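Let's take a walk through this fold, one piece at a time. Have the 3D view open as you read.

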Amino acid sequence: MKKIGFLSFGHWNPSPQSGTRSAADVLHQTIDLAVAAEQLGADGAYVRVHHFAQQLGSPFPLLAAMGAKTNRIELGTGVIDMRYENPLYMAEDAGSADLISGGRLQLGISRGSPEQVIDGWRHFGYAPAPGETEADMARRHAEVFLDVIEGKGFAQPNPRPMFPNPPGLLRLEPYSAGLRDRIWWGAASNATAEWAAKMGMSLQSSTLKVDENGKPFHVQQAEQIRAYRAAWKDAGHTREGRVSVSRSIFALVNDQDRMYFGRQGGQDQFGVIDQYRAVFGRSYADEPDRLIEQLRQDEAIAEADTLLLTVPNQLGVDYNAHLIESILTHVAPGLGWR
């Protein structure tokens with residue numbers, strides 16, 4: 001395991017029991033948690049993106065603010081739903097945020113997850129082309145995005161521009177060199193993982209996967225990672241594709257941890273989501289020594305180079321920093337981290 005970061009779903013709720021009662025609370029606390037995680041030695045601060053929900057919906061202002069407040073930690077998403085995105089406008093936002101951070105963005109993009117509303121992307125002005133599915137549309141948007149962030153000129157300049165133009169076709173600005181190599185695809189199936197490899201994107205695999213053979217979640221996810229790496233090799237890329245997996249992992253080191261998570265854990269679950277049979281990975285919660293032994297049996301964690309810890313953001317910055325520190329201090333070294 002090379003890198004460990006956190007992944008926040010960015011929930012807020014006006015309940016008195018919530019530590020994040022408004023969108024402003026979530027935004028400010030996510031920045032603060034990124035700062036705290038960097039100070040603790042974590043490698044990444046990632047945010048989930050959902051539309052029409054009391055969660056984080058517009059990632060680039062937040063990523064830019066996180067970048068301005070930190071110096072070293074990777075900043076990412078898991079994932080941006082490309083059904084909703086104008087890929088050219090997104091390229092400008094991503095370039096700006098990446099430059100502010102000094103080239104630390106690790107952007108996870110994908111077809112997205114089940115929505116709060118019916119066909120929410122239609123409200124954003126997008127619809128599949130004739131013969132396309134919404135997943136096809138997401139991949140088409142992704143391919144345009146990947147193309148324009150390469151930095152190549154493609155637009156014919158005005159012969160009488162407001163400001164002087166450089167020679168040749170014009171590219172989108174601001175351009176951030178290297179961003180194209182730091183795009184990830186959130187894949188739920190082996191086939192989409194292989195497509196991501198062919199496209200030269202790193203792989204994000206979460207705690208949910210299409211059930212392709214009835215095996216335990218971590219075994220199926222490990223098979224997905226191996227299929228991705230084989231497809232990457234076959235594509236002939238000269239750099240190495242990265243792989244992250246997400247897990248809910250809680251080290252029980254004090255009474256508060258045991259109160260919150262002492263009954264977590266359990267087994268994988270199988271069910272139907274978006275008309276697909278899916279397998280949902282278990283949570284892990286135990287004393288550190290037992291947690292290390294359990295996680296060593298997780299084949300997908302062993303295959304991946306990056307582990308993202310899903311955090312209960314409504315419990316506040318201080319407690320989430322404690323959760324991250326507990327993993328980094330008591331568990332991660334036993335998994336080969338650093």
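## The barrel

Eight strands close into a barrel here, in the order S1-S2-S3-S4-S5-S6-S8-S13, and their pairing is parallel. On average, neighbouring strands of this sheet are turned by 25 degrees against each other, direction ignored. Strands (E, at least two residues) and helices (H or I, at least four) are DSSP runs, numbered from the N terminus, and two strands pair if DSSP finds at least two bridges between them.

This is a predicted model, where local features need pLDDT of at least 70 and side-chain atom pairs count only at pLDDT 80 or more, while totals for chains, interfaces and linings use all residues. Residues are numbered from 1 along each chain as its sequence is written, and side-chain values use heavy atoms, leaving out hydrogens and water.

## Where S8 meets S13

Take a look at strand S8 (residues 243–247), which pairs with strand S13 (residues 306–311) in the parallel sense over four bridges. Ser244, for one, has Thr306 in S13 as its bridge partner.

## Helices on the sheet

Helix H3 (residues 87–101) packs on the sheet and touches strands S3 (74–81) and S4 (105–110); contact means heavy atoms within 4.5 Å. The direction of H3 makes about 155 degrees with that of S4. Axes are lines fitted to C-alpha atoms, for helices over the stretch in contact, and angles run from 0 to 180 degrees between N-to-C directions.

Helix H7 (residues 217–235) lies across strand S6 (202–205) and S8, running at about 165 degrees to S8.

## Two helices together

H7 also packs with helix H6 (residues 190–198), at an angle of about 30 degrees and with axes 8 Å apart. That makes H6 roughly parallel to H7 (angles under 35 degrees count as roughly parallel).

Note on methods. Parallel < 35°, antiparallel > 145°, perpendicular 65-115°, else oblique.
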